[in-house]
Amino acid sequence: ITYYTHAAMHRNDIGFPTTSVGNLEKPWARGTSISGHVNNGTLQHFGTFDNPGNPPTIREMRILRHLRESIAKSLASVSPPGKQGSTVRLVTQHLLDLNNENIPRAPVDDVANVLSETGGVTLSSEQCDALKVAFSRYNDDRIILVEFVDFLRGPLSQYQTNLVIKAFIACSPDENDFVSEEGIAGAFNTSNAANTSGSGGLSGKELLNHFLDSLMAYTTSSNGFELNDFIEYYRDVNCEMNDPELFISTLIAMWGIDPAD
């Protein structure tokens, strides 16, 4: 699986993300920037494109927010126990593989098929219509896949991001801000997580191996793992957990983080 790194994400009141996206390991992705905001209840600008048509209504945005929650629950039920994030990674890759244009797009029916076949999600006609309003541009009713993927995966809160940063620092980054597998294993052992049972009944060793294997899907460097790799991995875990408090407690337990530090 090839994947992409993420620099920053913030949630607005409606739940749409504002993001800055880095390298997706695809030619069209280099330097891509995605940003959006909600103003007075209507989507004035979404993505890097001015939308010449009518922006999504508040009702349509609520439909999309409910859809994202439904997808997250469905993906979580597909992922093996203790391996949250693995199915949304697979869905992301299948979506991005639908098209290799400079701005990858796909018909909403193709997007719906990926969600159905990979995640067990069935979209209603109302949800499909809302997707086309939010994620299509310039009389092209195809979905802009990078925007939809960012929306689907959702953001980490600032507090969650701070905990991920603490986990990364615990792994002893070098002078170039990379951490090694040895550094990750050392932090894992120091936290005593290796001697406890992880989520989903995984042993500490299994949890560490799963983390290292999963992290490989996000890195684009041979020098080790960067902070963005950790953030991207935990974005997908958070998406499938769909429970901020559970996410926080799991992160603290795995890395022995003192949230007050």
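I shall go from the overall fold to the charged pairs, then to helix packing, and finally to the loops.

Please keep in mind throughout that this is a predicted model. The protein chain contains 10 helices and 6 strands. Of its 261 residues, 51% are buried. The accessible surface of the chain is about 11,900 Å², and carbon and sulfur atoms account for 47% of that area. If we take the contacts between residues at least 6 apart in sequence, 66% of them join residues at least 24 apart.

Let me turn to the charged side chains. How many salt bridges does a search of the whole structure find? The search returns 8, and I shall discuss several.

In one of them, Arg-59 pairs with Glu-126, with 2.4 Å between the closest N and O atoms. Arg-59 belongs to helix H1, residues 58-78, and Glu-126 to helix H4, residues 125-135, so this pair ties together parts that are 67 residues apart in sequence. Glu-126, at 36%, counts as partly exposed.

A further salt bridge joins the side chains of Arg-105 and Asp-140, at 3.9 Å from N to O. Arg-105 lies in strand S5, residues 105-106, while Asp-140 lies in the loop between H4 and strand S6, residues 143-144, so the link spans 35 residues in sequence. Are these two residues buried or exposed? Both Arg-105 and Asp-140 are buried.

The next pair is local in sequence. Glu-232 and Arg-235 form a salt bridge at 3.5 Å, N to O. Both residues sit in helix H9, residues 227-241, and they are 3 residues apart, about one turn of the helix. Glu-232 and Arg-235 are likewise both buried. Which residues belong to the network that includes this pair? Through salt bridges that share partners, Asp-150, Arg-153, Glu-232, Arg-235 and Asp-236 are joined into one network.

I move now to the packing of helices. Two packed helices are described by the angle between their axes and the distance between the axes. For H4 and helix H5, residues 145-153, the angle is about 115° and the axes are 10 Å apart. The crossing of H4 and H5 is right-handed. On the H4 side, the contact is made by Leu-131, Ala-134 and Phe-135, which meet Glu-147, Phe-148 and Phe-151 of H5. By type, the residues of this contact comprise 5 nonpolar and 1 charged, with no polar residue.

Helix H2, residues 86-96, deserves a remark on burial. It is mostly covered, as 9 of its 11 residues are buried. The buried set in H2 includes Val-88, Val-91, Leu-95 and Leu-96, and also Arg-89 and Gln-93.

Finally, the loops and their backbone geometry. Most residues other than glycine have a negative phi, and most peptide bonds are trans. Against that background, Ser-172 has a positive phi of about 60° although it is not a glycine. Ser-172 is located in the loop between helix H6, residues 158-170, and helix H7, residues 181-190. Its relative accessible area is 54%, and Ser-172 is therefore exposed.

Asn-242 also has a positive phi, near 55°, and it too is a residue other than glycine. Asn-242 lies in the loop between H9 and H10. With a relative accessible area of 36%, Asn-242 is partly exposed. Helix H10 covers residues 244-255 and contains Pro-244. Pro-244 is partly exposed at 46% relative accessible area. The C-alpha atoms of Pro-244 and Gln-160 are 8.2 Å apart in space, although the two residues are 84 apart in sequence.

Let me return to the loop between H6 and H7, where Asp-177 is also found. What does Asp-177 touch, once residues up to four places away in sequence are set aside? Its partners are Phe-168, Phe-225 and Glu-226.

Thank you for your attention; I welcome your questions.

Technical notes. Residues are numbered from 1 along each chain as its sequence is written. This is a predicted model: local features need pLDDT of at least 70, side-chain atom pairs count only at pLDDT 80 or more; totals for chains, interfaces and linings use all residues. Side-chain values use heavy atoms; hydrogens and water are left out. Helices (H or I, at least four residues) and strands (E, at least two) are DSSP runs, numbered from the N terminus. Buried means under 20% relative accessible area, exposed over 50%, partly exposed in between (1.4 Å probe, protein chains only). Contact means heavy atoms within 4.5 Å. Accessible areas come from the Shrake-Rupley method with a 1.4 Å probe; for residues, only the protein chains shown count as cover. A salt bridge is a side-chain nitrogen of Lys or Arg within 4 Å of a carboxyl oxygen of Asp or Glu. Axes are lines fitted to C-alpha atoms, for helices over the stretch in contact, and angles run from 0 to 180 degrees between N-to-C directions. A crossing is left-handed if the near helix is turned anticlockwise from the far one by less than a right angle, and right-handed if clockwise. Ala, Val, Leu, Ile, Met, Phe, Trp, Tyr, Cys and Pro count as nonpolar, Asp, Glu, Lys and Arg as charged, and the others, Gly among them, as polar.
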